[in-house]
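Thank you all for coming. I would like to take a few minutes to go through one model, starting with the whole chain and then turning to a few places in it.

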Amino acid sequence: MIQNIIRSLLESMIRPIDSIIFLVIFILLIISNIFNSKLELFVQISLYIIYIFFNLYINPKKFLWYFCPIFFLSINLIGVFLIEFFEGYYLFEIGRITYYKDSLFPIVLYTLIIIYILFGIKLKNINIKKRENKLIDKFIFILLILSILIFLKVVQKPIFMLNIDKYKYSKEYLNFSIQSLINIYQYYLPLFFGYIYITTTSPRTRRNIMIINILMILTLIFIGVKFGGIFYYSYYFLLPVVLKLKVKKIILRKIFRGLIAVIILIIFSISHRILNYNLSMSEGIKGFLNRGFQQGQLWWATYLNKDMIYNEFILSEILNDNEKTRGIYKVMYSLGKHEFIDKLYQIKSVYTASTTSTLYAYFGIKGIYIFSLIYGILILKSYQLIIQSIKKNLWINLIIITRIMVILTSIFSISKFYILNILEGIILLILVQIVILKKEKE
């Protein structure tokens, strides 16, 4: 009884303490700008790390629950730090050395705002009941057969035997039906698989799901998907499992194992690149370091220089069908050689499509902060819908929510401003909420 009272008091105190820590770090960030040297970079990134470890200590379950957005936001921030510290780095996208100085302070604040919003939800333990569902068991078996067929198709000609880009591989070696099935497994089903895995009473179905996961991860490897795709697939699958965790020591152990798995996945991604493109070890490691710089480029205005200011943004920019005249392409065509940019456009380089760089180009810093609020709220809403759907056994919702999270990741990281994707995400969010409200009325 006394322990429960103490626990309740501690839980009620956590949010005010979090708010105070956030405010203190915010003030220290502002003060750090007076150094006007590389010392401020270390101070700013140290303040971010302190805030992350503070949240990890007071509520490790939330940290594990939001592990994916926290991890990628942190990688992006470190990329900006590297660019700032080394005073610019070669941007392959526009063929010259450039960087946006003094960008670490706003990107740290931007990232902290998102994390503060995410940790605003009270993550309660929920009782997930096991149940028998023969229809689901049969559906999982069908998905197992399909995953075997997909694997048998790609294992005949894995990408690392052909030394080509994954986009070219997809176009030349995967037909439309196989590619569509892979996309369904990767972008719709992992959260559903995780939910069925923890709720089914059938050992056979649990075993089939694990076989599907192994086959799909191998399939992604064989078609050239490296770190990101495998990371997201595994993370979505494990989200329902996180909700079952209650003991703090076990949660911390899971976080440690997760970090070890990420390190192994990074090493694997480097090896995958070396094997696929016949690179030396030093070239593979250099490519990985370059990627760190690129993450910083993606999430800040590193394409800009002081003489380049865009004060106006018109809706027709988004609706325009010509990618060359909208978004970051417009910025790049203004900065770089047109022939160089045309080549990037032809191969659909994802590094030519940074949402945050585009927003900064048109709106300035205020656009970045408004963006962080919108992103944090939408991601938070998606995670809330996951919890509500699991509570109410709405497994169809989990399939739709996976798609929503994929859309949000695309829109708020690498995005060519596809208006249809934005509308699709909003409509799906509304649809999932309607299904939940309808379930509550029954």
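**From the whole chain to single residues**

The protein exposes about 22500 Å², and carbon and sulfur atoms supply 67% of that area. Please keep in mind throughout that what you see is a predicted model. Of the 442 residues of the protein, 50% count as buried, and the secondary structure comes to 20 helices and 2 strands. If we take the contacts in the protein with a separation of 6 or more, residues 24 or more positions apart account for 78% of them.

Let me turn to a pair of helices, namely helix 10, which covers residues 203-222, and helix 11, which covers residues 227-244; their axes are 10 Å apart, and the two pack at an angle of about 165°. How do they run relative to each other, roughly parallel or roughly antiparallel? Because angles over 145 degrees count as roughly antiparallel, helix 10 and helix 11 are described as roughly antiparallel to each other. The crossing in which helix 10 passes helix 11 is right-handed. On the helix 10 side, the residues that meet helix 11 include Ile 209, Ile 212, Asn 213, Met 216 and Leu 220, while among their counterparts in helix 11 are Gly 229, Ile 230, Tyr 233 and Phe 237.

Is Ser 147 buried or exposed? Its relative accessible area is 0%, and since buried means under 20%, Ser 147 is counted as buried. The side chain of Ser 147 also reaches the backbone oxygen of Leu 144, at 2.6 Å.

For contrast in setting, I would like to finish with Asp 165, which is found in the loop between helix 6 and helix 7, the latter being residues 166-173. Asp 165 has 34% relative accessibility, and therefore counts as partly exposed. Not counting residues up to four places away in sequence, Asp 165 touches Ile 159 and Tyr 277. Asp 165 and Tyr 277 are 112 residues apart along the chain, yet their C-alpha atoms are separated by 8.8 Å.

Technical notes. Residues numbered from 1 in each chain as written. Predicted model: local features only at pLDDT ≥ 70, side-chain atom pairs only at ≥ 80, totals over all residues. Heavy atoms only, no water. Buried < 20%, exposed > 50% of the residue type's maximum accessible area, 1.4 Å probe, protein only. Polar contact = N/O pair within 3.5 Å; in protein donor to acceptor, adjacent residues only side chain to side chain. Helix = DSSP H or I, 4+ residues; strand = E, 2+ residues; numbered from the N terminus. Contact = heavy atoms within 4.5 Å. Areas by Shrake-Rupley, 256 points an atom, 1.4 Å probe, with all protein chains shown as cover. Axes fitted to C-alpha atoms, helices over the stretch in contact; angles between N-to-C directions. Parallel < 35°, antiparallel > 145°, perpendicular 65-115°, else oblique. Left-handed = near helix turned anticlockwise from the far one by under 90°.
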